[in-house]
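This report covers a predicted model. It takes up a helix, then pockets, then salt bridges.

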Amino acid sequence: MTGSTAASFTADDYRARMERAARTAADAGLAGLLVAPGPDLVWLTGYTPPAVTERLTLLVLAAGQDPVLVVPALEAPDAHRAAGAAALTLRDWTDGKDPYAATAALLGASGRFGISDNAWALHLLALQQAMPGSSYASLTDALPMLRAVKDAAELDLMAAAGAAADATFEEIRTVPFAGRAESEVAADLDRLLRRHGHEQVDFTIVASGPNGANPHHEASDRVIARGDMVVLDFGGLRDGYGSDTSRTVHVGEPTDEERRVHDIVREAQEAGFRAVRPGAACQDVDRAAREVIAAAGYGEYFIHRTGHGIGVTTHEPPYMIEGEERPLVPGMCFSVEPGIYLPGRFGVRIEDIVTVTEDGGRRLNTTARELVIVE
């Protein structure tokens, strides 16, 4: 994370987040939350430990209690400088002491706690030993919507990340494709994302010709040729908030079939976007996009969900998928990215990040969704 992320939020912002998280946990029947280093800790406190080690760092949240951050003594100075430090109590521990006993004393002997998905088994098992009557649920299972609804400042950062990804696409469409390896174009994407302010690049998918039929193809040494359809899917973090966009380009003039498939995906993406409105179920977005592709005869070739949430990570709840009945709420941000994948031939995907507004949805990616011809 860059310093500019922390500077975007005050200690009061982090205090409000921690209070809301503790209340939400109590409403879910949890005795508290245990937050290990990772995106949840950054979102709640503005603190990223200088290194992830075997030493315990853990934020302890419970309704009616002041938040406490348990940290190794040698990292306490860094924790004191975190943007949210003034909103919590720091409890440091030195090597040779038992941090699990100290943490247990903050929690009581029993209860069910939400714990970060990425908490080390080493720490979880030690906590269970220190509190034999305790049990645990992952935060994704227990509080999947904890970070889903963004406030105005977060939406500004999301929009800036989307604009940076759009600027990257506008530049990448002007570089040579034919005769270059997918990995070379992927390196261009990485460079451009960083030029436009990304401190972290999570993926740069460049899937040409038959490789486009694999939605998560890793850029390879395959040389892109004239006549190839090329799926571009790229994103990462800018000032701590995510971008993720996909566009499909064609090297030279496409065939009628390639244009038709691209048009179907574009129509499906538009249908998914138009389904976004407060109160609609997440699955309604998936259904709207999938219906267009199925009606055109390509239903079996749309092989993934229509979208995923995005925020301080590039993939998080909520998910736009059949069976997800959770309602859309203003401030949610997620992708709308239908695709058609024809094995051994080519693929097409079009993706925008969308945020729910009071009366519909707003795209955070605005580059052309029509088929772009590259050289």
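## Helix 2 and its end

G29 follows helix 2 and has a positive phi, near 85°. Helix 2 itself covers residues 11-27, 17 residues in total. From first C-alpha to last it reaches 24 Å, close to the 24 Å expected at 1.5 Å a residue.

Helix 2 has a buried side. Its buried residues are A11, Y14, R17, M18, A21, A22 and A25. Viewed down the helix 2 axis, these residues fall within an arc of 130°, so they line one face. An α-helix has 3.6 residues a turn, so residues three or four places apart point the same way. The face of helix 2 turned away from the buried side carries the exposed residues D12 and D27.

## The largest pocket

The largest pocket holds about 350 Å³ of space. Its lining has 19 residues; I205, P215, H216, D233 and H315 lie nearest the centre. Strand 7 (198-208) and strand 11 (307-309) each supply at least two lining residues. Strand 7 gives the largest share, three residues. By type, the lining of the largest pocket divides into four nonpolar, eight polar and seven charged residues.

## The second largest pocket

About 240 Å³ of space lies in the second largest pocket. It is lined by 16 residues, and D40, D117, T140, R147 and P317 are the closest to its centre. Helix 3 (39-45), helix 7 (139-142) and strand 12 (316-320) each contribute at least two residues to this lining. The lining of the second largest pocket comprises seven nonpolar, five polar and four charged residues.

## Salt bridges

The whole structure contains 28 salt bridges. In one of them, E316 pairs with R147, with the closest N and O atoms 2.6 Å apart. E316 lies in strand 12 and R147 in the loop between helix 7 and helix 8 (152-172), so the pair ties together parts 169 residues apart in sequence. Both E316 and R147 are buried.

R345 and E257 also meet in a salt bridge, at 2.4 Å from N to O. R345 sits in the loop between strand 14 (339-342) and strand 15 (346-349), and E257 in helix 10 (residues 256-274), 88 residues apart. R345 is partly exposed, at 41% relative accessible area. E257 is partly exposed too, at 23%.

The side chains of R349 and E337 form a salt bridge at 3.9 Å, N to O. R349 lies in strand 15 and E337 in the loop between strand 13 (333-336) and strand 14, so the pair joins parts twelve residues apart in sequence. Both R349 and E337 are buried. Elsewhere, salt bridges with shared partners join R247, E270, R274, D352, R363 and R369 into one network.

Terms used:
Residues are numbered from 1 along each chain as its sequence is written. This is a predicted model: local features need pLDDT of at least 70, side-chain atom pairs count only at pLDDT 80 or more; totals for chains, interfaces and linings use all residues. Side-chain values use heavy atoms; hydrogens and water are left out. Helices (H or I, at least four residues) and strands (E, at least two) are DSSP runs, numbered from the N terminus. The expected span of a helix is 1.5 Å times one less than its number of residues. Buried means under 20% relative accessible area, exposed over 50%, partly exposed in between (1.4 Å probe, protein chains only). The arc is that of the directions from the helix axis to the C-beta atoms. On a 1 Å grid over the protein atoms alone, a cavity is a set of points where a 1.4 Å probe fits but cannot get out, and a pocket is an open set with protein on both sides within 12 Å along at least five of seven lines; lining residues have an atom within 4 Å of a point. Grid points are joined across faces, edges and corners, and a volume is the space filled by probe spheres set on the points. Ala, Val, Leu, Ile, Met, Phe, Trp, Tyr, Cys and Pro count as nonpolar, Asp, Glu, Lys and Arg as charged, and the others, Gly among them, as polar. A salt bridge is a side-chain nitrogen of Lys or Arg within 4 Å of a carboxyl oxygen of Asp or Glu.
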